[in-house]
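Me: I would like a close look at one part of this model. Please keep it brisk.

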Amino acid sequence: MENIFTDAYFMKKALQEAEIAFEKGEIPVGAIVVVDNRVIARTHNLTELLNDVTAHAEMQAITSSANFLGGKYLKDCTLYVTLEPCQMCAGALYWSQITKIVFGARDEHRGFMKMGTQLHPKTIVVGGIMENEASELMKRFFAKKRK
């Protein structure tokens, strides 16, 4: 029997969150956290709504997941996020000891890889999952902003 719970399957759910952010006028980044093929957190950027520069999708996902799990460590969890995490989010993900991070599009200017930010040594990183869809959503958002 084929496993439907692929990285692409879960990234589609993160993209749905990014679409919600887009509709709210937020930079369209969506994130979900999965443990044992079960989504335990669904979030998106809330920086405009909350007037808070730290309200990135990943930060919301970490908090929501920790609350769900009843502890601060996200071991055995996978974060699916539509855009490569920034330096701030990567730092928080480091401390959460998350097991795996899967992202869609690279952030060539502010992503943690460009900034040289380290993740926890045991964290697995996979990039480029549904990269085109994530990238197109960002381009559409900023094109709309420039009008």
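Which residues have the most contacts inside the largest nonpolar core?

Reply: This is a predicted model. Its largest nonpolar core has 33 residues. Those with the most contacts inside that core are Met11, Val33, Cys77, Leu79, Tyr80, Leu93 and Ile98. At least two residues come from each of helices H1 (7–23), H3 (57–69), H4 (87–96) and H6 (131–146). E1 gives the most, with five residues. In soluble globular proteins, nonpolar side chains tend to be buried together.

Take Tyr80 next. Beyond its neighbours within four places in sequence, Tyr80 is in contact with Asp7, Phe10, Met11, Ala14, Gly30, Ala31, Ile32, Val34 and Val102.

Now H3. Ala57, Glu58, Met59, Ala61, Ile62, Ser65 and Ala66 are buried in this helix. Their cover includes E1, E2, E3 and H4. Just after H3, Gly70 takes a positive phi of about 75°.

Last, the loop between E1 and E2, where Asn37 lies. Asn37 counts as partly exposed because its relative accessibility is 40%, and the cut-offs for that class are 20% and 50%. Leaving out residues up to four places away in sequence, Asn37 touches Phe5 and Phe10. Phe22 is 15 residues from Asn37 along the chain, and their C-alpha atoms are separated by 26 Å.

Technical notes: Residues numbered from 1 in each chain as written. Predicted model: local features only at pLDDT ≥ 70, side-chain atom pairs only at ≥ 80, totals over all residues. Heavy atoms only, no water. Core = buried A, V, L, I, M, F, W, Y, C linked by side-chain atoms within 4.5 Å. Buried < 20%, exposed > 50% of the residue type's maximum accessible area, 1.4 Å probe, protein only. Helix = DSSP H or I, 4+ residues; strand = E, 2+ residues; numbered from the N terminus. Contact = heavy atoms within 4.5 Å.
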